[in-house]
Amino acid sequence: MQESLVVRRETHIPAPPSAVFALLTDPEKILRWMGTEAEIEPQPGGIYLVNVTGARFARGSFREVVPVHRLAYSFGWDGSEVVPPGSSLVEIDLVEQPDGTLLRLTHTGLPSTEQCEGHAEGWAHYLDRLVEVAAGRDPGPDSFAGKT
C-alpha cells in the first residue's frame, strides 16, 4: 500500500466517545451531519449504506465494531467503476480525552492521488459538520448536497 494513497484525519470532538460513536452508528443521528438517508447495521458483516449528498450512495459493510472505541468498514460508491462499493476501507478510532474525544480516521484502498484528494476534502467537510453536531450546534445546510 502506497502511503501517498492514504487519507488521514484527526479531529477533536467536544463530546464523550459514547456520544460520538452514536453519531457514527445510529442512522437517525448520522443524518444530522451527513446524508439524506442511511441504513446502518453496526456489527461485523452488517451493511453501511448512506446517501451522502442526496445524489450518491456510499456502500460497504462493517468489518470491526468495538462499541465507543473503533469502527472499520469497507467503502465505495454505487455505480462507480473507480471506487466501487466495498473497495476501500475506512477505520475510525475514538480516543477518550479529558475534554472530549480525539477521532482518528484512516481511509485506505483508494486507487489514485486524485481520489485521495477528493475523499480527503469530503472527510474534512463531514468531520467539521460532525464536530458541530456533537457540540450541540446546527451545522446548517450541507454545501455538498447534490454533489456527485
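How many cavities of 30 Å³ or more are there? The count comes to one. (On a 1 Å grid over the protein atoms alone, a cavity is a set of points where a 1.4 Å probe fits but cannot get out; points are joined across faces, edges and corners, and a volume is the space filled by probe spheres set on the points.)

Before we go on: this is a predicted model, where local features need pLDDT of at least 70, side-chain atom pairs count only at pLDDT 80 or more, and totals for chains, interfaces and linings use all residues. Residues are numbered from 1 along each chain as its sequence is written, and side-chain values use heavy atoms, with hydrogens and water left out.

**Stop 1: the cavity.** Select Leu24, Ile30, Trp33, Met34, Tyr48, Leu71, Tyr73 and Ile92, which line the largest cavity (lining residues have an atom within 4 Å of a point). The space inside is about 50 Å³. The lining has eight nonpolar residues, no polar and no charged ones (Ala, Val, Leu, Ile, Met, Phe, Trp, Tyr, Cys and Pro count as nonpolar, Asp, Glu, Lys and Arg as charged, and the others, Gly among them, as polar).

**Stop 2: helix 1.** Now pick residues 17-25, which form helix 1 (helices are DSSP runs of H or I with at least four residues, strands are E runs of at least two, and both are numbered from the N terminus). Seven of its nine residues are buried, among them Phe21 and Leu24 (buried means under 20% relative accessible area, with a 1.4 Å probe and protein chains only).

**Stop 3: aromatic pairs.** The structure holds seven of these (rings of Phe, Tyr and Trp, its six-membered ring, pair if their centres lie within 6.5 Å; planes under 30 degrees apart count as stacked, over 60 as edge-to-face and the rest as tilted). Show Tyr48 and Phe75: this pair is tilted, 6.5 Å centre to centre with 45° between the planes. Tyr48 sits in strand 3 and Phe75 in strand 5, 27 residues apart. Tyr48 is buried at 3% relative accessible area, and Phe75 is buried at 4%.

Next, select Tyr126 and Phe144, an edge-to-face pair, 5.8 Å centre to centre and 90° between the planes. Tyr126 lies in helix 3 and Phe144 in the segment after helix 3, so the pair ties together parts 18 residues apart in sequence.

**Last stop: helix 3.** Highlight residues 113-134.

Conventions:
1 Å grid on protein atoms, 1.4 Å probe; cavity = no way out; pocket = protein on both sides within 12 Å on 5 of 7 lines; lining within 4 Å. Buried < 20%, exposed > 50% of the residue type's maximum accessible area, 1.4 Å probe, protein only. Expected span 1.5 Å × (residues − 1).
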